Amino acid sequence: MFFYVIGALAIIAILLYIVNYNGFISLRNKLDEAYATMDVYLKKRYDLIPNLVETVKGYAAHEKDTLENVIKARNMALASQGPEQKQANETAFAGSLKSLFALSENYPELKADAGFRQLSDQLMNLENEISQARKYYNAVVKTFNSQIAMFPGNIVANMMNLTPYEYFMAESSERENVQVKF
């Protein structure tokens, strides 16, 4: 009888381990998928920026430093590896985009340009998609981090050497209200 109880407990422990292990693998795959989805939208934005900069160049050729800074920040963000570096470079890139749109305020004929307006609309749509992708990524991060902190998942997480993921958060400069008028 004693061996049956021990055997039943061992089977329950093994089943709990398997369920938690598979759950963590599934969540880690969702994290990878969520990050990759966000990365696709960011890549689309990176691809759009040179067209936007070229359009602005036609109207504001003497603003060379601002335009070069936007391209430099874009290239750094594009070359980012991993969530932490990506987040830091995204913050710098967002700041350079703000300066690009602030520059457009000084050129009414640029704001009236159909190509510039179309590119601006595309960028606005991409920013919305990026925002949604960030929300999804952060939701999966929350689920994953909760699972590795709660019992019995924390035991399996320790055995798998899992650590919490970082949220993809807005930097303090991104939290400031920005007024862009076209």
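**Patch, rings and core: how do you know?**

Modeller: Let's begin with the nonpolar patch: helices H1 and H6 each give at least two residues to it. This is a predicted model, where local features need pLDDT of at least 70, side-chain atom pairs count only at pLDDT 80 or more, and totals for chains, interfaces and linings use all residues. Residues are numbered from 1 along each chain as its sequence is written, and side-chain values use heavy atoms, with hydrogens and water left out.

Biologist: What makes a helix count here, and how many are there in the chain?

Modeller: Helices are DSSP runs of H or I with at least four residues, strands are runs of E with at least two, and numbering starts at the N terminus. By that rule the chain has 7 helices and 0 strands.

Biologist: What makes the nonpolar surface patch?

Modeller: Ile11, Ile14, Leu15, Tyr17, Ile18, Tyr21, Phe151, Ile155 and Met159 make it, over about 920 Å². Patch residues have over 30% relative accessible area and no salt bridge; nonpolar side chains (Val, Leu, Ile, Met, Phe, Trp, Tyr) are joined within 5 Å, like charges within 9 Å. A salt bridge means a side-chain nitrogen of Lys or Arg within 4 Å of a carboxyl oxygen of Asp or Glu. Areas come from the Shrake-Rupley method with a 1.4 Å probe, and for residues only the protein chains shown count as cover.

Biologist: Why is Ile155 called partly exposed?

Modeller: Buried is under 20% relative accessible area, exposed is over 50%, and partly exposed is in between (1.4 Å probe, protein chains only). Ile155 comes out at 44%, so partly exposed it is. Tyr17, at 31%, is partly exposed as well.

Biologist: Why are Tyr17 and Tyr21 called stacked?

Modeller: Rings of Phe, Tyr and Trp (its six-membered ring) pair if their centres lie within 6.5 Å; planes under 30 degrees apart are stacked, over 60 edge-to-face, the rest tilted. Tyr17 and Tyr21 sit at 5.9 Å and 25°, which makes them a stacked pair. They are 4 residues apart in H1, so about one helical turn separates them.
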